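Here's a quick tour of a protein model, with a few stops worth a look. Have the structure open as you read.

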Amino acid sequence: MESNELLQIQPISEMPIAKYPNENLSQNSLSASLISLGCSKNTVDSEIMLASLSSYGFKLEPEFQKAEIVIINTCGFIEEAKHESIDTILRIGELKKEGGVKIIVVAGCLVERYKLELTKELPEVDLFIGTREYDRLPELLIPKIRKEDSPSEFYSDTLMDYSRRLPRILSDPGPSAYIKVAEGCSRPCTFCVIPRFRGKFRSRPMEIVLDEAEALGNIGVKEINLLAQEITSYGTDIGIGWSLAKLLEKLDEVNNIEWIRVLYNYPRGVTDELLDTFRLLPKVCEYIDMPLQHISTKILNSMRRGIDEKETRKLIERIKEKIPNCAIRTTMLVGYPGETDKDFELLLKFVEETRFARLGAFVFSPEERSIAARLPNQIPYEVAKKRTNELLELQKRIMEEENKKLIGTKTNVLIEKLSEEGLLQGRTRFQAPDVDGDVYLNKTEGIPGEIISGNIVETDGINLIIEKD
């Protein structure tokens, strides 16, 4: 889903729906639309808000231009995401001036991070809620609808309880869905401020995750993508130890689910036990998303990543040895304070040698209240941007070369939808939703949710063209 794309509505009827007091307010029939920005974890939170609104009687409107209430779930991770959030708020504010939109709600990470500033800078917003109030949205909206004198900001000192059965309304109809297995992060990375507004790491109970997977399978979902800020720590905070492998074993038994994908693995948590689970469980995709951030030991130590160059290289070797056909996706942070030309050249060489299946790169952003923002030897943005572009160009070439090698081989494809060009569109086990390109099926018939075998006949460097056997 594009970060500013309007959420499309598809109820999960089998999942538990929260019960809210029925006050029989005529105002409850107001239409509400939600714009979700940022990462897929934000998407899940948006789905929780949609379900709470629906349960209270609000009409969910897919087109925000037609809605009376617009909720914007913001991202505040890096500078670019913050600008996108503000621009979206201002755009909806213009619709309010024109008289269509009556109430604007701004939620999420940006709000939690800039509690004091936003109220002063954005008077057109009627209600601000932080990352701990999502399921309370309807009750906070009612006073605004009634035009009662009520606070415009709601922030809780108590972390949101993700251990409950939280209702959701799927945002993107199709055979693939996300499941959040944990919230928050307890890692000490110096460049990141997410723990400050998402809180410490909290695992969801295994039975809750399994129930949600079963409910998704019952409505036709074939692929589940497991999410957490740092997923390899799953279970460590709730007394069941390092339990991601155990969770995967249980999920592998869930009826109707065919593919299981694990996103955001912390390098230190990718153990031999976990790799064996990836290799042995048939439903778990041979796909490891593992943000490395860098390869220079000096930079990694400054970032407090808990791993150095030698250990990183050994980890990559172990993954390739245990899962020879594994697709490794990573993320690199370029322009971190103190990154020299030599450090960057080492990073380029590492990427060239490793040949990641997928790689994303970000320009370092000196986030307020982060340790890294106060470090000496800050890299000028223009230098960091140039390095980032060079790294991405290298990865583009690597992807093109590796994809060309796939021509003539067979693979399985999960059909997702019909493309604008009229071709069936889907993904392989080696492609995550939204970030890894797509497969287009030529001379092929099928339906969404079907998994078919086909031959790779062409590539544009990122996407693949496949014809059914």
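Let's start where helix 7 and helix 8 cross: the crossing is right-handed, meaning that the near helix is turned clockwise from the far one by less than a right angle. Keep in mind that this is a predicted model, where local features need pLDDT of at least 70, side-chain atom pairs count only at pLDDT 80 or more, and totals for chains, interfaces and linings use all residues. Residues are numbered from 1 along each chain as its sequence is written, and side-chain values use heavy atoms, with hydrogens and water left out. Helices (DSSP runs of H or I, at least four residues) and strands (runs of E, at least two) are numbered from the N terminus.

**Two helices packed together**

- Two packed helices are described by the angle between their axes and the distance between the axes.
- For helix 7 (residues 206-218) and helix 8 (residues 244-251), the angle is about 35 degrees and the axes are 10 Å apart. Here axes are lines fitted to C-alpha atoms, for helices over the stretch in contact, and angles run from 0 to 180 degrees between N-to-C directions.
- Helix 7 brings M206, V209, L210 and A213 to the contact, and helix 8 brings K246, L247, K250 and L251; contact means heavy atoms within 4.5 Å.
- Sorted by class, that makes six nonpolar, no polar and two charged residues. Ala, Val, Leu, Ile, Met, Phe, Trp, Tyr, Cys and Pro count as nonpolar, Asp, Glu, Lys and Arg as charged, and the others, Gly among them, as polar.

**A strand tucked inside**

- Why is strand 9 (residues 176-180) largely enclosed by the rest of the structure? Five of its five residues are buried, and buried means under 20% relative accessible area, with exposed over 50% and partly exposed in between (1.4 Å probe, protein chains only).
- In a regular strand the side chains alternate between the two faces of the sheet.
- In strand 9, S176, Y178 and K180 point one way, while A177 and I179 point the other way.
- Strand 9 runs parallel to strand 12 (residues 223-227), and five bridges join the two; strands pair if DSSP finds at least two bridges between them.
- Look for I179 and you'll find L226 of strand 12 opposite.

- How many salt bridges does the structure hold? There are 44, each a side-chain nitrogen of Lys or Arg within 4 Å of a carboxyl oxygen of Asp or Glu.
- E133 and R136 form one of them, at 2.9 Å from N to O. E133 is buried at 2% relative accessibility, whereas R136 is partly exposed at 29%.
- R268 and E311 also pair up, at 3.5 Å from N to O. R268 sits in the loop between strand 13 (259-262) and helix 9 (272-280) and E311 in helix 11 (residues 309-322), so this pair ties together parts 43 residues apart in sequence.
- E402 and K405 meet at 3.1 Å, N to O. They are three residues apart in helix 13 (residues 381-406), so about one helical turn separates them.
- K405 is exposed at 57% relative accessibility. Salt bridges with shared partners join E352, R355, R397, E401, E402 and K405 into one network.

**One leucine to find**

- L346 lies in helix 12 (residues 341-354) and is partly exposed, at 24% relative accessibility.
- Leaving aside residues up to four places away in sequence, L346 touches I295, S296, E309 and R313.
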